[in-house]
Amino acid sequence: MSEITELMEQFRKNISIRHFENTEYYLSQMLKSDNKEAFTPELLEYVICEISNTLRKICLCYQLTINQNIFKEPLTPFYLMAFSELEALRKDLLKRCKAVFSFVNAADSIDVITLIKQYIQKNYEQDITLVSIASEFFFNPSYLSHMFKQQTGGNLSSYIEEIRIKEALKLFRTQKLSIGKVARMVGYNDPNYFSKIFRKRTGFSPAAYTKQDGGNDDVQ
């Protein structure tokens, strides 16, 4: 069981660094016939669900449209009933992985930075960070940071700040809310930290900004 757990960790790790050939290798090793005796029904179900959920999450976050039912919902335990041999199960899951990875590898057809920006714009009120976004999109954080800066000229953390402060400006301009309330609504649990970021981005403290009746919407 410990060997299978380690192989599952390697499966996840290699997806995060885009080593899809290695990912397929570790999946193959996990489900090789020699491991048949190591699998309890519960362990096999866990492995299938982990692989299934990973593939489904990749499809959802990259908005991949693959015309196969296997990607529309997680694989259920009933899926296992279709296989009498571990080898047949291994081949089927490898086929699924190859299908997803081939789409992700088609970089020209996937504007990852646009998808990430859309994700931030939809989730800025949540506790999102470089690390959490990298995990969501199956990237190594350092690689994602480098790619974002290379393609946009700025860093991802700064972009999150920019979106949050723009939303805060809208709230201050359109609603009578406390500074603490606005801070929480745009993803900052600490009002003092929010005020520091707000001043850095606008040149005003939140209190000064609201007193001057909205000021301007320039965000640095």
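I began with burial: 40% of the protein's 220 residues are buried, meaning under 20% relative accessible area, with exposed over 50% and partly exposed in between (1.4 Å probe, protein chains only). The model is predicted, so local features need pLDDT of at least 70 and side-chain atom pairs 80 or more, while totals for chains, interfaces and linings use all residues. Numbering runs from 1 along each chain as its sequence is written, and side-chain values use heavy atoms, leaving out hydrogens and water.

Next, the fold. I find 11 helices and 0 strands, taken as DSSP runs numbered from the N terminus (helices H or I, at least four residues; strands E, at least two). Of the contacts between residues at least 6 apart in sequence, 62% join residues at least 24 apart; contact means heavy atoms within 4.5 Å.

Then I looked at H8, residues 156-174. Its 19 residues reach 28 Å from first C-alpha to last, close to the 27 Å expected at 1.5 Å a residue, where the expected span is 1.5 Å times one less than the number of residues. At its start, a side-chain oxygen of Asn 155 comes within 3.3 Å of the backbone nitrogen of Ser 157.

What do the buried residues of H8 pack against? I get helices H5 (112-123), H6 (130-136), H7 (141-152), H9 (179-185), H10 (191-202) and H11 (206-211). Those buried residues include Tyr 159, Ile 163, Glu 161, Arg 164 and Phe 172.

Last, cysteines. I count 0 disulfides, a disulfide being a pair of cysteine sulfur atoms within 2.5 Å. Cys 97 is buried at 0% relative accessible area, whereas Cys 49 is partly exposed at 24%.

Conventions:
Polar contact = N/O pair within 3.5 Å; in protein donor to acceptor, adjacent residues only side chain to side chain.
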